[in-house]
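Please look at how the parts of the following model touch one another, both between chains and within one chain.

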Amino acid sequence: MEVNIIDLTKEFGDFTAVNCLNITMQNGVYGLLGVNGAGKTTFMRMLCTLLRPTSGKITCDGTEIFAMDGEYRKILGYLPQDFGFYPDFTVQDYLLYIAAIKAVRPAVARKRVKELLEKVGLEKAAHKKMKKLSGGMKRRAGIAQAMLNNPKILILDEPTAGLDPNERIRFRNLISELSEDRLVLLSTHIVSDVEYIANEILLMKDGMLVCRGTAEQLTAAMSENVWKCYVEKKSVPRLLEKYKISNLKTDSHGVELRVIAKEKPVSDAVIEAPVLEDVFLYYFGERVGDENAAV
Amino acid sequence: MYFYITLGKGLVMKMLQYELKKIFLKPVNRAMLVLLLAIVLIGSFLAIRDVKYYRGDHPELSGPLAARELKKVQKQWEGPVTGDVLRRVVKENKAINDSAESADIGFAKKQGFADLINLICVAFSEPGKYDPYMCDSISPDKAAKLYERRVSRLEKEISELETGLPGAFSEKEQRYLVRQYKNLKTPLYYEYAEGWKALLDSQYLPTLMIIIIVIIGFLVSGIFSDEFQLKADSIFFSSKLGRNKAILSKIKAGLLAITILYWSAMLLFSAIILGTLGIGGAGCMVQLSFSNWECMYNITYFQEWLLCMFGGYIGNLFILTLAMFVSAKSRSAVLSIAVPFVLSCVPMFLGRVPVLADFMSYFPDMLLRINKFLGDFVFCEIGGTVFGVYTVLIPCYLLLSLVLFPMIYYGYKKMGAVPARAGQ
């Protein structure tokens with residue numbers, strides 16, 4: 001299974017949401033990181049054939065996905081960012097309906113629904129109405145529907161948005177478990193969601209791919225250092241204006257800062273090993289004084 | 001091959017089953033169904049209650065009791081309404097007028113042949129007028145010429161309207177009308193038909209049809225737009241069958257909901273009324289009812305019922321299919337709900353504006369009120385041949401409905417890959 005994104009561009013009037021994207025993906029978990037508005041959802045919607053590109057193309061094993069039509073959608077599982085469902089359906093009915101529109105035979109669908117309900121921990125909620133589920137349970141039902149056709153390509157758009165830390169960890173583990181022998185593309189702006197499970201991380205900014213690699217490769221590729229320092233409260237505004245600060249911890253005596261900079265921000269700053277969050281800030285973060293600060 | 005066909009059918013049935021579930025599980029739709037049932041029951045009750053039997057000085061009877069009494073007294077007048085029968089009507093009417101102690105008692109005694117008195121009154125009144133005492137003053141021999149009078153009055157009416165004036169008929173229309181009038185098989189056969197009259201001559205039938213269309217409109221309006229309203233469209237359209245068979249299932253679910261609900265409501269309404277008041281008189285010509293004396297359609301009560309039911313169904317089908325099309329294209333259930341309301345109610349008011357009256361006669365709401373417009377002279381001319389408007393409207397709107405189905409299919413299919421919202 002190889003998905004090729006070739007010169008992919010999507011424009012909405014004067015606005016270019018995705019700008020000449022070129023990516024090749026094979027089986028494995030890909031984490032798509034970017035701030036809100038980076039073009040992640042547009043890119044994913046094109047991957048799901050829900051949006052036609054303005055130019056460029058996406059191929060699956062060499063064939064253009066829009067030309068594959070139903071044959072491509074047959075191997076696709078998608079959990080959108082705004083996961084919509086039918087509120088008066090029970091979880092079981094909802095999954096059986098989605099299985100039907102995914103062309104899963106009724107007998108197979110019944111078995112598959114049972115398995116997936118167990119896997120996502122919703123077996124006790126099978127006869128509960130969708131509208132009665134908690135946010136986390138709805139997301140779990142969402143991942144179950146995406147897996148109904150045992151997809152070769154699984155696209156998850158912000159699957160952990162709005163979940164509490166417990167649910168997020170559970171979700172991460174579930175995705176990791178489901179990722180075997182398939183291509184999983186997981187979009188998020190929460191770094192820890194992909195840090196541990198993604199084989200490769202794609203960083204998107206302003207519709208373009210700015211960097212890709214493993215978490216280690218990305219941290220190694222940073223051209224600036226990560227510094228840890230302890231400063232007085234009054235000097236914080238000056239530092240915030242001058243540097244990208246990835247962490248700020250206040251106590252009664254002063255403030256502990258984690259600063260991304262080429263040079264030492266203060267004389268007693270010590271160098272720290274970068275983590276993925278620092279990479280995120282390095283690429284997407286702006287200093288407080290910057291216009292259009294995104295983070 | 002057989003396996004794949006069976007598999008396809010199984011999936012299609014499953015999708016259809018769930019599409020119907022989506023419609024009927026919605027609490028608002030369930031409330032609408034209860035409302036529909038209540039309206040049908042109330043409508044039938046009111047229509048039955050409108051059948052009256054007057055007992056002179058005693059309180060009147062209504063409903064099934066009245067029907068039973070009317071059946072008894074009308075039995076004596078059952079048979080072909082020949083010249084001799086009409087003479088007898090005039091004589092009997094005069095005798096009762098002369099002997100009755102009061103008008104109420106007199107009226108009560110005339111109930112067995114009141115329909116025939118009404119026919120004489122409407123037939124011998126001046127065109128456009130109705131003299132309820134005409135039968136009191138007419139001679140028996142003149143009354144006997146009822147059928148000749150029907151044709152001659154029409155010819156007189158036509159000749160008085162100069163061609164080209166508003167309301168005047170073209171020569172072809174005149175010929176068509178006279179031919180239709182002359183084609184009416186006379187003498188008419190008279191028998192008790194209160195069940196059919198309560199069903200077809202009342203205002204409840206068209207009102208019920210409008211209510212049905214608005215209620216079914218509520219149910220089908222969300223079939224397509226709900227996917228977007230509920231933000232379920234992405235999953236729907238990214239599924240294997242989401243751009244073909246799943247859309248067909250939605251269309252089928254809409255069609256089934258329209259058909260089942262319309263016929264259930266109409267058959268229940270008809271069954272309650274006819275079951276209570278009786279089905280006698282099904283073979284009587286509609287012209288026996290004085291409101292349809294001038295009707296150009298030579299049909300029986302049963303045929304009128306079929307026409308009203310089938311025409312109403314086609315009207316419902318077209319308007320509600322259009323509502324589904326609006327739902328599919330606009331993604332808005334509100335706009336879609338407005339379609340049945342606008343198309344069934346607004347033309348009724350616009351039709352009262354003289355300039356628009358003719359134009360409005362071709363709107364689909366005409367199919368919901370066939371029983372009210374059956375006696376009107378509304379024509380269609382196709383290829384030089386004149387037809388009654390319903391002869392043309394029914395197949396036309398059936399055809400338009402059939403055209404709408406592929407439009408819904410392809411229109412909704414397109415929705416699957418258009419920029420629904422500017423992405424991030």
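## About the model

This is a predicted model, in which local features need pLDDT of at least 70 and side-chain atom pairs count only at pLDDT 80 or more, while totals for chains, interfaces and linings use all residues. Residues are numbered from 1 along each chain as its sequence is written, and chains are lettered from A and ligands numbered from 1 in the order in which they are written.

## Between chain A and chain B

The contact, where two residues count if their C-beta atoms, placed from the backbone, lie within 7 Å, takes 38 residues from chain A and 29 residues from chain B. On the side of chain B that touches chain A, helix 1 (2-25) and helix 14 (233-237) of chain B are the elements that give two or more residues; helices here are DSSP runs (H or I, at least four residues) and strands are runs of E (at least two), numbered from the N terminus. Helix 1 of chain B gives the most to this side, with 9 residues.

## Between the domains of chain A

An automatic or database assignment sets the domain bounds, and for chain A the assignment gives domain 1 (3-219) and domain 2 (221-284). The C-alpha centres of these two domains of chain A lie 34 Å apart, and their contact takes 14 residues from domain 1 and 10 residues from domain 2.

On the side of domain 1 of chain A that touches domain 2 of chain A, at least two residues each come from helix 8 (191-195), strand 9 (200-205), strand 10 (208-213) and helix 9 (215-220) of chain A, and helix 9 of chain A gives the most, with 4 residues.
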